[in-house]
Amino acid sequence: VWNESIFDIASYSFSGYTTLTPTLFFSLRWKRFTWQGAIASVLLGNFVLLGGHVLDVNMGFRLLGFLPIFWALVVGVLGGIVASLLTDPPDDELTRLAWGERS
């Protein structure tokens, strides 16, 4: 099934893990980040990664010379921000509890 080396497979799988980075970062650093933003970030980032990988492998195409993971991260960050800003903010009490703040 895989005609690639173990290094190519590892590179692709670690790229998939990297698309989770915006969600992890925003959930730890931005109180306005929502679950909708997390889902949008992960889904959009992985969709772009998969599409970029297909274009790179099948056609040798790299948008502006960047690897697909770069564009996946950009889209994941933007998707998380936009989706969080377009949806209702998290409940104030739940946010205080999650962040360890006392009322």
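Of the 103 residues in this protein chain, 23% count as buried, meaning under 20% relative accessible area with a 1.4 Å probe and protein chains only, while over 50% is exposed and anything in between is partly exposed. Keep in mind that this is a predicted model, where local features need pLDDT of at least 70, side-chain atom pairs count only at pLDDT 80 or more, and totals for chains, interfaces and linings use all residues. Residues are numbered from 1 along each chain as its sequence is written, and side-chain values use heavy atoms, with hydrogens and water left out.

Now for the overall build. The chain has 5 helices and 0 strands, counted as DSSP runs (H or I, at least four residues, for helices; E, at least two, for strands) numbered from the N terminus. Its radius of gyration is 17 Å, well over the 13 Å that the globule rule gives for 103 residues, so the chain is more spread out than a compact globule. That radius is taken over C-alpha atoms, and the rule is 2.2 Å times the number of residues to the power 0.38. Along the principal axes, the C-alpha atoms fill a box of roughly 55 × 25 × 20 Å.

What about contacts? Taking heavy atoms within 4.5 Å as a contact, residues 24 or more positions apart make up 75% of the contacts with a separation of 6 or more.

Finally, have a look at Phe61. You'll find Phe61 in the loop between helix 3 (35-59) and helix 4 (68-86), and Phe61 counts as partly exposed because its relative accessibility is 43%.
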